[in-house]
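Student: Could you take a close look at one part of this model with me? I'd like to hear how it sits in the chain and what surrounds it.

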Amino acid sequence: MKDVETDIGKVIFMLFNDENEFSPTGKVFKREKAKSKKGDVFYKFENIPLGTYAIMVTHDENNNNVIDKNFVGFPKEPVGASYHTKFGKPTFDKSKFRISNENPHIEIELIFIN
């Protein structure tokens, strides 16, 4: 993950394998946390079966284990998704990737919406 702004809090990585669950409140296949550090944060999911997945990430700056939202419903903390651009809400279809015999290396850029 690129461009973490501070060492405060943690980074939450959410791996999804079901397009109907691809949301911060959806059923996550694997959820992992890493200590935040300014710059780039790397995480490797281990023992993932072959299949199609998408990743959602948030920088949980206040350590409350949720993506805080403003009164309109936009994230108040930086968020990102695999293969997502800065425009529009990420979807499973646009964020998906396949794990086969070779594991992909995916860079995710955090976006601060507020």
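Tutor: Happy to! Phenylalanine 74 is partly exposed, because its relative accessible area is 45% (buried is under 20%, exposed over 50% and partly exposed in between, with a 1.4 Å probe and protein chains only). This is a predicted model, in which local features need pLDDT of at least 70 and side-chain atom pairs count only at pLDDT 80 or more, while totals for chains, interfaces and linings use all residues. Residues are numbered from 1 along each chain as its sequence is written, and side-chain values use heavy atoms, leaving out hydrogens and water.

Phenylalanine 74 sits in the loop between strand S3 (51–60) and strand S4 (79–81); strands (E, at least two residues) and helices (H or I, at least four) are DSSP runs, numbered from the N terminus. Together with Phe71 and Val72, Phe74 makes a nonpolar surface patch of about 380 Å². For such a patch, residues need over 30% relative accessible area and no salt bridge, and nonpolar side chains (Val, Leu, Ile, Met, Phe, Trp, Tyr) are joined within 5 Å. A salt bridge here is a side-chain nitrogen of Lys or Arg within 4 Å of a carboxyl oxygen of Asp or Glu.

Asparagine 63 also lies in the loop between S3 and S4. Its phi is near 55 degrees, a positive value in a residue other than glycine; most residues other than glycine have a negative phi. Asparagine 63 is partly exposed, with a relative accessible area of 42%.

The loop between S2 (30–35) and S3 holds asparagine 47, which has a positive phi of about 55 degrees although it is not a glycine. Asparagine 47 counts as exposed because its relative accessibility is 73%.

Now for the rings: the structure holds 6 aromatic pairs (ring centres of Phe, Tyr or Trp, its six-membered ring, within 6.5 Å; planes under 30 degrees apart are stacked, over 60 edge-to-face, the rest tilted). Among them, phenylalanine 13 and tyrosine 43 have centres 5.2 Å apart and planes at 25 degrees, so they are stacked. This pair links distant parts of the chain, with phenylalanine 13 in strand S1 (residues 10–16) and tyrosine 43 in the loop between S2 and S3, 30 residues apart. Tyrosine 43 also pairs edge-to-face with phenylalanine 45, at 5.2 Å centre to centre and 75 degrees between the planes. Phenylalanine 13 is buried at 6%, as is phenylalanine 45 at 17%, whereas tyrosine 43 is partly exposed at 35%.

Terms used:
Patch = residues over 30% accessible without salt bridge, like charges linked within 9 Å, V, L, I, M, F, W, Y side chains within 5 Å. Areas by Shrake-Rupley, 256 points an atom, 1.4 Å probe, with all protein chains shown as cover.
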